Amino acid sequence: MQNLNNVNSLLHDIDGNLKNISGTTHDYSQWDDTYTFAQDKNKNYIYENFRDGTATLEGINIDAMLYLDIENRVFFSKYRNSFLESNKKDFEKYISSNLKNKNVVDTIINYKSKFLYLSKSEILKSDFTGKPKGYLISVKLSENKDFLINYSLFDEIKISTHDSIQNNLEINLAFLKNVKIQTYYENDMIINHINFYNFDGEYLISLISKNNSNIVLKGKKTILLFNLLISLILFLVFFYIYKSQYLIENQNSLLNEEVANRTKLLNMAYDKLKSKNNELFTLANIDSLTKIRNRRSYFIKSEELLSKAIKFNHNLHVLLIDLDHFKTINDTYGHNVGDKVLISFCNIVSSIIDKKIVFGRIGGEEFSLTFYNKTDEEVTKISEEIRDTCSNAEIKIDNKVVKFTVSMGLASREDFDNIDKILHNSDKLLYQAKKSGRNKLIRTNR
């Protein structure tokens, strides 16, 4: 039973990883900037998201991102994994050929005996108007060392490409389908042969896990000895209870001390688990460079506030901010200085806004704020304070003084029921601010 629980924990974790990659791919494929890029192949999109020095793939924990046209031909790709990048031409040919008949898919694949998570989604507008302009594919690679580090439930776990299952248990999860498991004993080892198949029932790849079966046998013996020991203790207690009240009190004292020790150990374990959960939350929701909300976290929270604003008929504003001439800063001083400018900008904004205002990084040098239940005057005042503070700021980095300005587009909720649509309005206003000289705030007239 414990072995099956361990296998289930492993598969649910793999299913969760596939779910996360699917969510990330879905978000990026329905981003209007992605739709525009697939349509006209503009280089600004590549520069803003994938230029040298950016950590887009690291931030979303993806090893490769491929953009395909409507004919399933790769027209742009970005890698952060050396194995996939060294096999780029062959890998992209393999992907185009094997997934050409599937527009949307979340699966495990086997490429050159490597275990890969893969998600494919259609590139659509955020409002779902218009036809698909292509496909976005995200890939995450896991190797033997990753499984050994992440899954300590097993003494040994490795990737295999040998399909040998006959009598088996079949499992289907939310994203993982057609998983078959065979468990058997060999030389005092419990061996699980876990096979993954595609939607057509074709074999893909396997994971083989091993645990020492003696652990289970020793566990049963330990439980038996423990029960015998408890029985003996109870016998002695009841035998002597009428002779000595002192013995009862002493035993209670020992038991209380044991409870206190166990409670202390449980509290320590809880604190450690809580710390790990906080680390996982940070990785999933916080931008690694600026320490503010990342794109995914920003959109989730903003959608919540928009739903609340619609329900109670409250105000909601979205302010889109872009650092002016940021490319010039990078080209002049280097990406390291550029990163410090972004950090300084975020510190300025955080010092001005309150905790109820949602602040997130949604692109390279593009940021957004969502204001809930604030008046037009309050929002305008805060926005102008941010713009003016940035304009007057002097950032000293390595004996250099760097100045920067920002352009802003501010849109209100109006009748929109989707945060992307409000952000789209903000983007138009931001474009006007840049076109009319930068270092400006342009907002909707109400």
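This is a predicted model: local features need pLDDT of at least 70, side-chain atom pairs count only at pLDDT 80 or more; totals for chains, interfaces and linings use all residues.
Biologist: Let's start with helix α6. What makes F91, E92, I95 and S96 count as buried?

Modeller: Buried means under 20% relative accessible area, and in α6, which spans residues 88–98, those four residues are buried.

Biologist: And how do you know that the buried residues of α6 line one face of the helix?

Modeller: Look down the axis of α6: the buried residues fall within an arc of 130°, so they share one face. In general, residues three or four places apart in an α-helix point the same way, because there are 3.6 residues a turn. On the other side of α6 sit K89 and K93, which are exposed.

Biologist: What covers the buried residues of α6?

Modeller: Contact means heavy atoms within 4.5 Å. The cover includes α5 (82–86) and the strands β1 (64–68), β2 (74–79), β3 (105–111), β4 (114–122) and β5 (135–142).

Biologist: Now α3. Which of its residues are buried, and why are they said to line one face?

Modeller: Y45, N49 and F50 are the buried ones. Seen down the axis of α3, they fall within an arc of 80°, so they line one face of the helix. K43 and N44, on the other side of α3, are exposed. The buried residues of α3 pack against α1 (2–29), α2, α4 (56–59), β1 and β2.

Biologist: On to the strands. Why is β10 called mostly covered?

Modeller: Strand β10 covers residues 203–212, and seven of its 10 residues are buried.

Biologist: What makes β6 and β9 partners of β10?

Modeller: Two strands pair if there are at least two bridges between them, so the bridges settle the matter. Strand β6 (residues 156–160) is joined to β10 by five bridges, running antiparallel, and S160 stands opposite S206 in β10. Strand β9 (residues 189–197) pairs with β10 over nine bridges, also in the antiparallel sense, with I190 opposite N211. β9 and β10 form a hairpin with five residues between them, and G201 in the turn has a positive phi of about 80°.

Biologist: Last, the second largest pocket. What lines it?

Modeller: The second largest pocket, about 1200 Å³ in volume, is lined by 40 residues, with D33, E48, E366, D427 and L430 nearest its centre. Helix α14 gives the most, 10 residues.

Biologist: How do the lining residues divide by type?

Modeller: The lining has 18 charged, 12 nonpolar and 10 polar residues.

Note on methods
Residues are numbered from 1 along each chain as its sequence is written. Side-chain values use heavy atoms; hydrogens and water are left out. On a 1 Å grid over the protein atoms alone, a cavity is a set of points where a 1.4 Å probe fits but cannot get out, and a pocket is an open set with protein on both sides within 12 Å along at least five of seven lines; lining residues have an atom within 4 Å of a point. Grid points are joined across faces, edges and corners, and a volume is the space filled by probe spheres set on the points. Helices (H or I, at least four residues) and strands (E, at least two) are DSSP runs, numbered from the N terminus. Ala, Val, Leu, Ile, Met, Phe, Trp, Tyr, Cys and Pro count as nonpolar, Asp, Glu, Lys and Arg as charged, and the others, Gly among them, as polar. Buried means under 20% relative accessible area, exposed over 50%, partly exposed in between (1.4 Å probe, protein chains only). The arc is that of the directions from the helix axis to the C-beta atoms.
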